[in-house]
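Please keep the sequence and the model in view while reading.

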Amino acid sequence: MEINILHLYYDLLNLYGENGNIKALKNHLEEQNVKVNIEFLTINDKIDFKRYDFVYIGAGTEKNLNLALKDLIKYKKSIKEYIESNKFFLATGNSIVLFGKSLKEANTVHKCLNIFDYESVEEDFRMVDQAVFNMPLNKTKIIGFQNQSYTTRNIKNPLFEVIRGIGSYPNSEYEGLHYKNFYGTYLIGPLLVRNPSFLSFIIKELIKSKDNDFKFNKMNLYFENKAYNTFLDYLRSLEDK
């Protein structure tokens, strides 16, 4: 089995070490004896989405996000077809705003891909917190860090339920977006590295999309699980003080 992965705008939207997500996917797919091909594409590269099984796009500065949007907009139809065909797409950090209807910054409104029916706004304040969310899809807790200046409303299919931290906007009980095999969240950093349950969920779903009868090897997630549990213990210790 071969799985083709695209890391999109790897040079512009890699603000918090998001390339760690790709490395984690590659390592644990290869652990299952799956051949992994990774391509790194950016502005002005020709993108044929039909070639890939998994596409990843991470967080960036506001300037880099707008540069990526100007390039990505010409692939609007292809991206929609890709998502509707049940292919896998993960967007973390502020890249989630690219897939909505619009992004309002100061006195400028940018038209986005309009794949999903939500709008994002740049606020005059920044939302920073350590987050713990519930992920109903696999009934586990998700940890991450939020450092966002955008808010997003009218998401119809949220990915997470907020336990601690900020939702898609202040006081929201939900965060992120899940539609078919599209997963989007404001959480930043190497999300899959920090959340072994999410990583194993993605890997299993990705492989099963190619071969539903695949025989899985046991995944070695010892260090990922240790780091994950240590962080949850740390947050619990803060709450006890």
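Predicted model: local features only at pLDDT ≥ 70, side-chain atom pairs only at ≥ 80, totals over all residues.

Strands, like helices, are DSSP runs numbered from the N terminus; a strand is a run of E with at least two residues. Tyr 183 lies in one of these, strand β12.

Six strands make up an open sheet of mixed pairing, in the order β2-β1-β3-β4-β12-β11. The edges are taken by β2 (35-41) and β11 (177-179); each has a single partner strand, so one side of each is left without a neighbour in the sheet. From one strand to the next, the twist averages 10 degrees.

Within the sheet, β1 (residues 2-8) pairs with β3 (residues 54-57) in the parallel sense, over four bridges. Leu 8 stands opposite Ile 57 in β3. Two helices pack on the sheet. Helix α1 (residues 19-31) touches β1, β2 and β3, and its direction makes about 175 degrees with that of β1. Helix α3 (residues 76-84) touches β3, β4 (88-92), β11 and β12 (182-185), and its direction makes about 115 degrees with that of β4.

The account now returns to Tyr 183. Is this residue buried or exposed? Tyr 183 has a relative accessible area of 3%; because buried means under 20%, Tyr 183 counts as buried. Leaving aside neighbours within four places in sequence, Tyr 183 is in contact with several residues, among them Phe 88, Phe 89, Leu 90, Ala 91, Leu 177 and Phe 198. The C-alpha atoms of Tyr 183 and Tyr 56 are separated by 9.8 Å, although the two residues are 127 residues apart along the chain.

Terms used: Residues numbered from 1 in each chain as written. Heavy atoms only, no water. Pairing = 2+ DSSP bridges. Axes fitted to C-alpha atoms, helices over the stretch in contact; angles between N-to-C directions. Contact = heavy atoms within 4.5 Å. Buried < 20%, exposed > 50% of the residue type's maximum accessible area, 1.4 Å probe, protein only.
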